[in-house]
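Let's take a walk through this protein together. Have the sequence and the 3D view ready, and follow along.

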Amino acid sequence: QAVNGDINERTPSSQNAPKAPDVIVEAHYNEDDEVISKIKNVSLHDKAPITAHSVKHANACFTSGSSSERAMQRTGKVVFIVEKKHSRAASGFLKFLPNKNFAMFSPVDHRVPRVNVPLADCPADFISRPGDYENTLFICRITQWSADNIFAEGRLAKTLGQAGEIEPETEGILTEYDVDFSEFSKEVLNCLPQNLPWSIPDHVLSKRRDLRNECIFTIDPATARDLDDALSCKQLSDGNFEIGVHIADVSYFVEEGNALDQIAGQRATSVYLVQKVIPMLPRLLCEELCSLNPLTDRLTFSVIWKLSPEGKILSEWFGRTVICSCIKLSYDHAQSMIEAPEKHFSADELPTCSPDHSIQEIQEAVLNLHNIAKQLRAQRFECGALRLDQLKLSFTLDKESSMPQGCYIYQYRDSNKLVEEFMLLANMAVAHQIYRTYPELALLRRHPPPQSKMVNDLQEFCDQMGLDVDFSSSGALHRSLNESFGDDEYTAARKEVLTHMCSRPMQMAVYFCSGALKDQKLFCHYALNVPLYTHFTSPIRRYADVIVHRLLAASIDCGPRLSLSGEEVHKQSSHCNDRKTASKRVQELSSELFFAVFVKECGPLDSEAMVMGVLDQSFDVLVLRYGVQKRIYCNSLEGLKAVNFRKVGKRPEMTLFWETGDPSKESIQQEISIFTLLNVQLKADRAPMKYSAVLKRPSALL
């Protein structure tokens, strides 16, 4: 049978199914095993596959609002698994079954079926002392799942350790999502330069534009060790600016087709966990030879523009270069320069700086970049771009134990925006260059528009809520979200809730080969509102960028002859999409893991919360202090007497009736609807790595 994430052929089973394009259905369970489905229209294939979930009969339904209102959408039965996307591995717990020659494996992920595993795979004393393993986390691999059995067959692969501990839990997440975290093989390491310390050969230098005397610097998170990109900016005599984006020339070190290239292509992306990084490339490349470390000669691929002070592109140049970064700035350093433009920074306030460039020269470059970035950003949004910012939780870790000591919501500031604008500009420029040269071969990135049915439902909902939100285009939506929703201290919270709601209909951006899509209208990037886009600026951590570098080099005749075929680019694009999706989910689970540990160690935690959605027996909240979203179940609330759920059109509302403790007094009523402000408490559950949000009783009862 199919497991969540697999691609399957299906036959319709609903008699009244509309004659519309087939759909991909992604379904998952929450803790109450309710099926929640996301319906995605598919326009690229006549016979679209269906992404399976772990419901045995593989039918899908779309659930909205009350559980009594489940409207059946197109349904079908899986008849053939086209591609097994799921790793068939899961982390979970063992349960002893008396008088059986197998044990029951219960996965942590409820979308994966329970698995019968041979007792011979279990620890030697499991039969005599099963209680000793109640809290032990195992890895199981599914070997078979027959259509007539609700349980799969499988083998235990590994004992991870105690549930609730960060490293065993992390290894379980990585294994389940098929992230390769093994050490690089000797064959792969033999592809790296062997004579260390390495220096740039003279014959390589002679073929590159030498920028080592230019004021070039990096701006990255303070803890970053894989420095992909650097910037430069100098004012010209005519008042315009020469601005450069300089990207690590990874493709110089990663020769097409060798063992290093193959493993990089398989991994496809670095995976960023809270406490560590699983690199796409060996650390010698990630952190040394490719990383644009300060005061060190490095090979780069550069895009250099002549820009007016208003951000108008006057000329453009692509080429292989060599640079020597004069300083490694953090976002905090750059932000300080932006916020205090008149301040003279001392050497003690900044990292080590090249003696060839003054701190004043660097600060002037940062400020000029900032001013031009503001112009570019304003122009992008005037031209219809959209940004859906969602809160991101960051952690401070103990240096020795890597346990979370604290957490905070990451602040996206002007220094981040500065870097983002020039990376976007470079990616767009490279997209046009490689597509011009290789219209059938370019690896590009597109972002389909949101799903129209979900947008229409959300538009109707917003209208009934009295919210003036325009979904007619990406630009219109951006303008709507950036208008004030009130003028009090909770305006930002209301915007965050609405942003989350608007994110639900959005589709994922994907890599694709330009030759695989015949309609160029499908190339567009909805959020950026541009016709062509790609990824060029992060080749240390994204394999798609390595391919783009090779295409760019061939397009300007400064690289080896291109041997890529359209089929190879198409296949690698699809694989990069799969790995990026897995990486994103692993990153989210890592953050959830650390926050659960933080709640356990430092909780209970009190916070204000804002309601994001209302169901018939539960409601979702955004916990404002920590930026996390949690579901609160009414049946778990002590002192709650009754619940009255209703819908006014599309608008769900709920009334909670609280006991007063005095039989002679009537229940106290509490109204719950979207944007309602509540007080909640986060506290650890008995189950490892689980925590709950509990609604605090109204103050009138306290």
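A helix here is a DSSP run of H or I with at least four residues, and helices are numbered from the N terminus. Keep in mind that this is a predicted model.

With that in hand, find glutamine 335, which sits in helix 7, residues 331-339. Is glutamine 335 buried or exposed? Its relative accessibility is 5%, so glutamine 335 counts as buried. Now look at what is around it. Leaving out residues up to four places away in sequence, glutamine 335 touches Arg413, Asp414 and Ser415. For serine 415 there's a detail to zoom in on: its backbone nitrogen is 2.9 Å from a polar atom of the glutamine 335 side chain. Asparagine 416 is 81 residues from glutamine 335 in sequence, yet their C-alpha atoms are 8.5 Å apart in space.

Next up is arginine 377, in helix 8, residues 359-382. Arginine 377 has a relative accessible area of 13%, and since buried means under 20%, arginine 377 is buried too. Which residues does arginine 377 contact, if neighbours within four places in sequence are set aside? They are Arg387, Tyr412, Lys417, Glu420 and Glu421.

Finally, let's see how two helices pack. Helix 1 (residues 166-176) and helix 14 (residues 566-602) have axes 10 Å apart, at an angle of about 160°. Angles over 145 degrees count as roughly antiparallel, so that's what helix 1 is to helix 14. Helix 1 brings Ile166, Glu169, Thr170, Ile173 and Leu174 to the contact, while helix 14 brings Val586, Leu589, Ser590, Leu593, Phe594 and Val597. Sorted by class, that contact has eight nonpolar, two polar and one charged residues.

Key: Residues numbered from 1 in each chain as written. Predicted model: local features only at pLDDT ≥ 70, side-chain atom pairs only at ≥ 80, totals over all residues. Heavy atoms only, no water. Axes fitted to C-alpha atoms, helices over the stretch in contact; angles between N-to-C directions. Parallel < 35°, antiparallel > 145°, perpendicular 65-115°, else oblique. Contact = heavy atoms within 4.5 Å. Nonpolar A, V, L, I, M, F, W, Y, C, P; charged D, E, K, R; others polar. Buried < 20%, exposed > 50% of the residue type's maximum accessible area, 1.4 Å probe, protein only. Polar contact = N/O pair within 3.5 Å; in protein donor to acceptor, adjacent residues only side chain to side chain.
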